[in-house]
Amino acid sequence: MPEGDTVWQAARRLDEALAGRVLTRSDLRVPRFATADLTGRAVLDVAARGKHLLTRIEGGLTLHSHLRMDGSWKVYENGRRWSGGPGHQIRAILGNTDRTAVGYRLPVLELLRTADEHRAVGHLGPDLLGPDWDPDQALANILQDPTRELGEALLDQRNLAGIGNVYKSELCFLLGVTPWLPAGALPADRAEKLPALAKRLLEANRDRPIRSTTGSRGQDLFVYGRAPRPCLRCRTSIRVADQGDGSRERPTYWCPTCQPGPAPATTRRRHTN
Ligand SMILES: [Zn+2]
């Protein structure tokens, strides 16, 4: 699942390829917008807002897309072979005379008036990588429902925008509590650190091809994906269990020694993401 840093990188790639250039190719392969033709219009910029991508196009239009679990935007030099997946997975093509951006498996693709972008992203909390970042508001949002599990509160993009399943587990490790701890039970000293810590993780990885939360090469993550290997700090076997509301369960990793707090009794030895 893409995190805010992945989406930010995708926005930058698209912006570099398309911004300031007139579209010579446009193909939106979703029924509602299949007849929309954007050729002849310049792309103004491409921005990430949380995990949403906003491609602003001359004439007051915004192409809104979301990658969800496995969507992606690839950029190709014209004449190069496209390699992002089979043709039937292509949802969008935007190209100029040099390069072509191809959106694969995009579960959300819609054309909006730029003035109506808030309909797509207005529900988002402060964006960890955005100009509107507000650490106090983000923390207040997380603590708003003190009974809610911290891991769930961190994933809720209405609280703060940009954290996905990997950073959820890593952040709870760095905070020294399990993701099942009620948000209101987070000790005050750690609650205070939470917004800055989350921002630091995403910022550190914004320009990196390989995500790292540990700062050390070869061991990029503290807990995510590491069950049942030993914790980097204490050598206890990392555990994994699903966390979610029943409709969307997410594999969640933690160290039972470094991270006190409630946790499910059952764990699986192996889990593929
Ligand atoms: Zn540990």
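Colleague: What should I keep in mind about the model before reading its features?

Modeller: This is a predicted model, in which local features need pLDDT of at least 70 and side-chain atom pairs count only at pLDDT 80 or more, while totals for chains, interfaces and linings use all residues. Residues are numbered from 1 along each chain as its sequence is written, and side-chain values use heavy atoms, with hydrogens and water left out.

Colleague: What area is buried between domain 1 and domain 2?

Modeller: Buried area is the accessible area (1.4 Å probe) that two parts lose on being put together, summed over both; between domain 1 and domain 2 this is about 850 Å², of which carbon and sulfur atoms give 46%.

Colleague: How many salt bridges does the rule find across the interface of domain 1 and domain 2?

Modeller: Side chains of opposite charge can pair when their charged atoms come close. The rule asks for a side-chain nitrogen of Lys or Arg within 4 Å of a carboxyl oxygen of Asp or Glu, and across this interface it finds two salt bridges. Elsewhere in the list of pairs, the side chains of Arg211 and Asp5 meet in a salt bridge at 3.3 Å, N to O.

Colleague: Which parts does the salt bridge of Arg12 and Asp207 tie together?

Modeller: The closest N and O atoms of Arg12 and Asp207 are 2.9 Å apart. Arg12 lies in helix H1 (residues 4-18) and Asp207 in the loop between helix H6 (188-205) and strand E9 (239-243), so the pair ties together parts that are 195 residues apart in sequence; helices (H or I, at least four residues) and strands (E, at least two) are DSSP runs, numbered from the N terminus.

Colleague: Are Arg148 and Asp156, which also form a salt bridge, buried or partly exposed?

Modeller: Buried means under 20% relative accessible area, exposed over 50%, and partly exposed in between (1.4 Å probe, protein chains only). Arg148 is partly exposed at 27%, whereas Asp156 is buried at 10%, and their side chains meet at 2.8 Å, N to O.
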